[in-house]
Amino acid sequence: MTGLRTASRVVVGVLVVSLLGLAGLGVTAFRSDFRALQTATQENIIWSATQVEFELARFLAALGMFGAGVEEVDADQVRLRYDVLWSRLALFDDSASGRRLKAYDA
Amino acid sequence: MQAEAGTTGSGVPQQRDRRRLVAACLAAVIAFPASLAGGRAAAQGEILLTLANPTLAAGSREIALTEADLLALPQVGIRTSNEFVTGRPLFEGPLARDVIALIGRGSATRALMIAANDFTVEIDLSEFDRYDVIFALRQDGRPLSRRDKGPIWVIYPMDDHPELQDPKFNNRLVWQLIRVELR
């Protein structure tokens, strides 16, 4: 009887330790996932790339309208769209997103 | 079938041209050092920032500020990192609260910040009292041009306050700021 009781205590002990271990692993995994998610939110490579596409479209539209002599679009507006497009591209050179993209190349 | 093939045929080269243009622009940006890529600085007398406050009972509800107007205010330097720069550059410009004081708050409690790229974000005015947020005109002594997040870049002193390192504050680093509407 005493042997059986000791054995069951050992089994319960092992179970508790394993459960605690699993819970610990779960928390660690959750924290690393959470951190990765936070980094992804901060860097936003897809957002930056989409903005380049968007600003390119706006620049081409402004340039097209200026070329076609549309009165509402003057040279300053074309310059503004070009500068904004340029600033979007320059972001890839000096930002967290740019550094991450360059790290992929290496 | 032939018509379909024709449509695809005319669409692909157009897409290729656009990709080439993007690639050329990217190459140009990467090839030129930052000093050359800076674009032109703001011309004298050019309007950099418009402030609007419809909550004011009387007086001017909209004012336009030139670079000289912004430089006439006390200039504050903040050395800080953020996710859009390398290292910890020195940013200089007037405090956001000083600029907003030029028009007056009236009963406004929030500010809608509008950028040249039509990005907008609404910020609680109390943040400008709690933190020394600046409307940066210079980075490491160099005027910010429109091609490099200028002429005005809203900078929070992120390195001085751990709570400002929360990702939500990245959205408030409005660059190419052109208009502030109080509400």
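# Exercises on a two-chain predicted model

Leaving out neighbours up to four places away in sequence, B:Phe91 is in contact with B:Ile78, B:Thr80, B:Ile134, B:Ala136, B:Gln139 and B:Ile155. Keep in mind as you work that this is a predicted model.

## Exercise 1: the surroundings of B:Phe91

Find the element that holds B:Phe91, and decide whether B:Phe91 is buried or exposed.

*Solution.* 

Step 1. Look for B:Phe91 along chain B: the residue sits in strand 4, which covers residues 90–94.

Step 2. Count the C-beta neighbours inside 10 Å. B:Phe91 has 25 of them. A residue is buried if the count is 20 or more, so B:Phe91 is buried.

Step 3. Now try a distance. B:Gln75 is 16 residues away from B:Phe91 along the chain, and their C-alpha atoms are 9.9 Å apart.

## Exercise 2: a sheet in chain B

Work out the strand order of the open sheet of 4 strands in chain B, and name the strands at its edges.

*Solution.* 

Step 1. Follow the pairing from strand to strand. The order in this open sheet is 3-4-8-9, with antiparallel pairing.

Step 2. Look for strands that pair on one side only. These are strand 3 (75–79) and strand 9 (142–143) of chain B, the edge strands.

Step 3. Take one pairing in detail. Strand 3 and strand 4 of chain B are joined by 5 bridges in the antiparallel sense. For a bridge partner in strand 4 of chain B, see B:Leu90, which partners B:Arg79.

## Exercise 3: two pairings of strand 11

Compare how strand 1 and strand 5 of chain B each run relative to strand 11 of chain B.

*Solution.* 

Step 1. Strand 1 (residues 47–52) of chain B runs parallel to strand 11 (residues 177–182) of chain B, with 3 bridges between them. Here B:Leu51 stands opposite B:Val180.

Step 2. Strand 5 (residues 110–115) of chain B runs antiparallel to strand 11 of chain B, with 5 bridges. B:Met113 has B:Val180 as its bridge partner.

## Exercise 4: a helix in chain A

Describe helix 2 of chain A: its span, its buried residues and what they pack against.

*Solution.* 

Step 1. Place the helix in its chain. Chain A contains 4 helices and 0 strands, and 17% of its 106 residues count as buried.

Step 2. Check the span. Helix 2 (residues 45–67) of chain A has 23 residues and reaches 33 Å from first to last C-alpha, close to the expected 33 Å at 1.5 Å a residue.

Step 3. List the buried residues of helix 2 of chain A: A:Glu55, A:Phe59 and A:Ala62. They pack against helix 3 (75–90) of chain A.

Step 4. Look past the end: A:Gly69 follows helix 2 of chain A and has a positive phi, near 80°.

Step 5. Check the confidence. Among the elements of chain A, helix 3 has the highest mean pLDDT (93), while helix 4 (residues 96–105) has the lowest (74).

## Exercise 5: the nonpolar cores

*Solution.* 

Step 1. Start with the core itself. The largest nonpolar core has 34 residues, and those with the most contacts inside it include B:Val133, B:Phe135 and B:Trp153.

Step 2. Read off the contributors: strand 1, helix 3 (96–101), strand 5, strand 7 (134–136), strand 10 (153–155) and strand 11 of chain B.

Step 3. Note that there is a second, separate core of 9 residues, including A:Ala62 and A:Phe92.

Step 4. Beyond four places in sequence, B:Phe135 touches residues including B:Leu70, B:Gly93 and B:Leu177.

Methods. Residues are numbered from 1 along each chain as its sequence is written. Chains are lettered from A and ligands numbered from 1 in the order in which they are written. This is a predicted model: local features need pLDDT of at least 70, side-chain atom pairs count only at pLDDT 80 or more; totals for chains, interfaces and linings use all residues. A residue is buried if 20 or more other C-beta atoms lie within 10 Å of its own, exposed if 12 or fewer, and partly exposed in between; C-beta atoms are placed from the backbone. Two residues are in contact if their C-beta atoms, placed from the backbone, lie within 7 Å. Two strands pair if DSSP finds at least two bridges between them. The expected span of a helix is 1.5 Å times one less than its number of residues. pLDDT is the predictor's confidence in each residue, from 0 to 100. A nonpolar core is a set of buried Ala, Val, Leu, Ile, Met, Phe, Trp, Tyr and Cys residues joined through C-beta atoms within 7 Å.
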